[in-house]
Amino acid sequence: MCWSRALHAGWLLLLVQFLCLEAVPISMDKTKVLEPEKKTEEAPASVDTGLHYDRYLREVIDFLEKDQHFREKLHNTDMEDIKLGKLAKELDFVSHHVRTKLDELKRQEVNRLRTLIKAKQDLEGGNDIAVDHQALLKQFEYLNHMNPHTFEVDDLDRLIKSATKDLENYDKERHEEFKKYEMTKEHDRQEHLKTLDEDERKKEEEHYEEMKKKHADHPKVNHPGSQNQLKEVWEEGDGLDPEDFDPKTFFNLHDSNGDGFFDEQELEALFTKELEKIYDPTNEEDDMVEMEEERLRMREHVMNEVDSNKDRLVSLEEFLVATKKKEFLEPDSWETLEQNQAYTDEEMKEFEDHLVQQEQDLYQKADDLQKQRDELERQQEQLNAQKVELQQAVEHMEKLKSQKVEPPPEIHGNAVPEMHEVDNQLHHEQGAHQVQEQEPEPQVQQHTPQEHHEHQDPAQQGLPQTHQDLPPGHQDAAHDQPNLP
């Protein structure tokens with residue numbers, strides 16, 4: 001048994017109105033009225049509620065439905081007691097298996113939120129900043145972040161209250177989004193006109209007015225929820241004689257899940273025929289975003305007129321009461337969106353001022369980023385220059401070091417052994433000469449200075465005895481001299 005069947009009138013049906021949806025095929029031809037058969041097949045597909053914790057909400061509901069004790073308490077609890085948290089206290093009496101699964105669901109949800117927080121921080125460039133998850137989890141009021149491990153009574157109470165508040169604000173947020181959409185569309189149109197010359201602008205304006213007139217030229221739209229509107233569905237959608245219209249039979253035909261209530265989706269399905277009079281996806285002048293806004297307006301209007309206890313559901317009793325009112329039998333004409341502009345002139349001006357401010361902020365941010373880029377490039381150039389200077393200094397030091405340790409660069413190959421031979425021979429001759437000087441000098445013949453010079457040993461003529469003794473610039477010549485005999 002689903003939530004809506006367990007609770008005939010109460011808040012919790014609000015939570016599952018999106019979850020037990022099975023759209024009625026309005027165009028189906030029916031030749032006679034039949035009571036809807038009880039289906040034992042698989043449950044209708046769940047519909048996203050639009051809440052950011054939709055999956056968590058639906059999974060908690062699914063598992064609570066499996067506990068018999070909780071279902072019984074649900075059946076006997078009214079809406080006010082649910083809002084006061086009395087139903088949440090019954091969580092202490094559910095089976096251990098269900099509590100264990102709820103604990104697991106909560107841990108998964110907390111981990112999901114932590115992942116989202118970390119991803120947001122990474123996008124904002126705070127990778128190196130420590131994350132205080134406990135502080136950031138405070139923004140998620142639908143669970144108790146101080147106990148991330150087990151699902152307690154406080155968690156169910158928070159989930160009920162948060163879903164109530166968020167679903168009540170959901171329609172308001174949708175209206176605001178649509179208003180923003182319409183103002184953006186008009187702003188873009190005006191900006192496009194500024195780019196055209198006078199003739200092109202005139203043609204564009206004429207085309208725009210022509211599309212507006214064409215869109216407004218449609219059959220009369222019945223007042224949503226009125227007798228005429230429901231009879232049209234009865235006749236064209238259900239294939240029944242309008243003279244045989246019966247409100248109770250109509251309700252049973254279109255209560256698609258058979259829970260005894262019209263939820264918001266079941267109501268919106270009743271307006272399809274009216275919307276098809278105004279919007280055609282193949283027409284240039286028809287905007288499908290506007291069609292969904294029109295559907296929302298119709299559903300809200302019916303809820304305000306029929307939903308007496310404001311639980312966002314229409315019970316059979318509420319429906320039958322509404323069919324006896326004057327507004328049902330003699331309704332006013334329905335004004336469509338083209339007759340009610342979504343925004344005022346003041347709102348449009350404020351919106352355009354906001355766009356101008358946003359544009360200026362973007363330009364300022366782009367300018368700041370460019371300055372930062374220029375500064376980074378300047379710093380990079382300085383670093384590159386310092387790197388070159390450092391490299392040159394290292395090369396200079398290496399050069400000085402090589403000049404002190406390594407032999408002269410012109411001595412290569414076989415030149416070194418040859419020089420050693422020359423050195424050895426000169427040292428040998430020098431030693432022999434010193435021995436001769438130590439011996440008694442014999443009687444020698446007198447020679448002329450010229451003859452004495454001609455017979456004198458090279459070493460005695462004052463020549464350097466080794467190549468090291470040669471003056472600078474003459475050492476290279478000694479390398480090329482042949483060995484002495």
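**View 1. The whole predicted model.** This is a predicted model, in which local features need pLDDT of at least 70 and side-chain atom pairs count only at pLDDT 80 or more, while totals for chains, interfaces and linings use all residues. Residues are numbered from 1 along each chain as its sequence is written, and side-chain values use heavy atoms, with hydrogens and water left out. The secondary structure comes to 20 helices and 2 strands, which are DSSP runs numbered from the N terminus (helices: H or I, at least four residues; strands: E, at least two). Of the 485 residues in the protein, 34% are buried, a term for under 20% relative accessible area, with exposed meaning over 50% and partly exposed in between (1.4 Å probe, protein chains only).

**View 2. Helices α3 and α6, each from end to end.** Helix α3 has 12 residues and reaches 17 Å from its first C-alpha to its last, close to the 16 Å expected at 1.5 Å a residue, the expected span being 1.5 Å times one less than the number of residues. Helix α6, with 28 residues, reaches 41 Å between its first and last C-alpha, close to an expected 40 Å. Among the buried residues of α3 are Leu57 and Ile61, and those of α6 include Leu113 and Ile117.

**View 3. The packing of α3 against α6.** Helix α3 (residues 54-65) and helix α6 (residues 96-123) pack at an angle of about 175°, with their axes 10 Å apart; axes are lines fitted to C-alpha atoms over the stretch in contact, and angles run from 0 to 180 degrees between N-to-C directions. The two helices are therefore roughly antiparallel, a description for angles over 145 degrees. Tyr56, Glu59, Val60, Phe63 and Leu64 of α3 meet residues of α6 that include Val98, Leu102 and Leu105, where contact means heavy atoms within 4.5 Å.

**View 4. The surroundings of aspartate 307.** Aspartate 307 is found in the loop between α14 (288-306) and β2 (314-315), and this residue is buried, with a relative accessible area of 4%. Not counting residues up to four places away in sequence, aspartate 307 touches Val302, Arg312, Leu313 and Glu318.

Conventions: Parallel < 35°, antiparallel > 145°, perpendicular 65-115°, else oblique.
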